[in-house]
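Trainee: Could you walk me through this chain, one topic at a time?

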Amino acid sequence: MATHESDVTPISPELPAMFDGMKLAAVATVLYVIVRCLNLKSPTAPPDLTYQDTALNRFLLKSCHPLTKEYIPPLLWGKSGHLQTALYGKLGRVSSPNPCGVRKYLPMPDGATATFDLFEALGDHRTGDDITMVICPGIGNHSEKHYVRTFVDYAQKDGYRCAVLNHLGALPNIELTSPRMFTYGCTWEFGAMVGYIKRMYPQTKLIVVGFSLGGNIVCKFLGENMTNQERVLCCVSVCQGYSALRAQETFLQWDHFRRFYNFLMADNMKKIILSHRHSLFGNSAKLIDTELSRLYTATSLMQIDDTIMRKFHGHSSLKEYYEKESCVHYIHNVNVPLLLVNSADDPLVHDSLLNIPRTLAAKKPNVIFALTLHGGHLGFFKGAVLFPKPLTWMDKVIVGYANTMCQWEKQKPKCQSDSLSDSSCGDEKD
């Protein structure tokens, strides 16, 4: 059967050009999404600092260069707070060292057993003094976490003894000895560790460091009782939220995927609680079934806090628990030099919570609030293009601030007479 010429439909010469245009549009769309998601157009800048003009703060900003220098994250992904947070959460750090420490066990009045790891300095401190960093990690963390090991190794090499609290119930191979585990703001175990260090090293001076939830605990500890600030040179808090009561509403919102992070953290808390179910709930089958059924269905930290955590200290409501355990009600009592560090792209800490440290730094001369553009939650990775360096900006700024405070303490009469030294004890080489 012959094919008539009229039955053959010629391809218009415009169609290939149209398909090429669609491909280009698709590629352009993908590139636009990548640029937006990775925040590639965001500039780099030094931290935004809030502080009062005092002799100490002038000395700090002159000597602690990481606070005033531009923080440059890895080019391809470091400007995304989500990727910074994800890399911290998954890997902790790159090429993490394994510092050698000794585990200490402290019996508590209620039958609990607090543990912490003690790491001796690997050399003399530059001031010749005995300085101990007392460190409180983030939620459910302990001395074996990579970001903690990296920081401890760096601090040891700079002449600091380090004591790292293991949150009660966080270590998988340590059984609970009482029906209680760590909570958002309980300072008992941290206080016991600090007391041990003061007794064992009567000449040592303390640098207090807290990461995330640990930042809330150390600020609350210092503000609870003025005697807790004795022999403390300074305190550094990184990436905390300051008020659990104000944060709870933001954790239920989907902007910056905060609700998703809430779910992931709740899932991790479930695993920790369930690993200690017999120690926490005893042998009452009815109680176990009631508590566990609520725990299994919980999809947020707030539900877990209401079902389990608040009851460890007898709080009658979730609101009371968050009010009593948040450092926002105690931090104004802290009179030692205090550095509060947050990141503007931290997906866990809502912008509204940053008014707390900003207002505090504007009112109190001992406080500096440093807000970086990038860094995520406890990320703060540094690097050129793709691969991050082992040490982060966070590691360098904490040790730099501590070094500067030690030098200030050493030459304080000279500094207070406005005859400041030009030496930069807090200056760290990249």
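Mentor: Happy to. This is a predicted model, where local features need pLDDT of at least 70, side-chain atom pairs count only at pLDDT 80 or more, and totals for chains, interfaces and linings use all residues. Residues are numbered from 1 along each chain as its sequence is written, and side-chain values use heavy atoms, with hydrogens and water left out.

Trainee: How many helices and strands are there in the chain?

Mentor: Helices (H or I, at least four residues) and strands (E, at least two) are taken as DSSP runs, numbered from the N terminus. Counted that way, the chain has nine strands and 15 helices.

Trainee: What percentage of the residues count as buried?

Mentor: Buried means under 20% relative accessible area, exposed means over 50%, and partly exposed lies in between, with a 1.4 Å probe and protein chains only. For the 430 residues of the chain, the buried share is 55%.

Trainee: Which helix does H5 pack against?

Mentor: H5 covers residues 188-200, and its buried residues include Phe 190, Met 193, Val 194 and Ile 197. Contact here means heavy atoms within 4.5 Å. The buried residues of H5 pack against strands E2, E3, E4, E5 and E6, and also against helix H6.

Trainee: What is the N to O distance in the salt bridge of Glu 224 and Lys 220?

Mentor: A salt bridge needs a side-chain nitrogen of Lys or Arg within 4 Å of a carboxyl oxygen of Asp or Glu. Glu 224 and Lys 220 are four residues apart in helix H6, so about one helical turn separates them. Lys 220 is buried at 6% relative accessibility, while Glu 224 is partly exposed at 33%. Their N to O distance is 2.5 Å.

Trainee: And in helix H8, is Lys 271 buried or exposed?

Mentor: Asp 267 and Lys 271 lie four residues apart in helix H8 (258-275), and their side chains meet in a salt bridge at 3.7 Å, N to O. Asp 267 is partly exposed, at 31% relative accessibility. Lys 271 has 54%, so this lysine counts as exposed.

Trainee: Which residues are linked with Arg 103 in a network of salt bridges?

Mentor: The count of salt bridges comes to 14. Another example is the pair of Arg 58 and Asp 53, with the closest N and O atoms 3.0 Å apart. In the network, Arg 103 is linked with Asp 117 and Glu 144.

Trainee: What is the area of the nonpolar surface patch that includes Leu 386?

Mentor: Patches are made of residues with over 30% relative accessible area and no salt bridge, joining like charges within 9 Å and nonpolar side chains (Val, Leu, Ile, Met, Phe, Trp, Tyr) within 5 Å. Leu 386 sits in the loop between strand E9 and helix H14 and has a relative accessible area of 41%, so this leucine is partly exposed. With Leu 75, Leu 76, Val 385 and Phe 387, Leu 386 makes a patch of about 480 Å².

Trainee: Which residue has its backbone oxygen 2.9 Å from a polar atom of the side chain of Gln 84?

Mentor: Gln 84 lies in helix H3 and is buried, at 0% relative accessibility. Beyond four places away in sequence, Gln 84 touches residues including Tyr 71, Trp 77, Phe 380 and Phe 381. The backbone oxygen at 2.9 Å belongs to Gly 78.

Note on methods:
The expected span of a helix is 1.5 Å times one less than its number of residues. Accessible areas come from the Shrake-Rupley method with a 1.4 Å probe; for residues, only the protein chains shown count as cover. A polar contact is a pair of N or O atoms within 3.5 Å; within protein, one must be able to donate a hydrogen and the other to accept it, and residues adjacent in sequence count only if both atoms are side-chain atoms.
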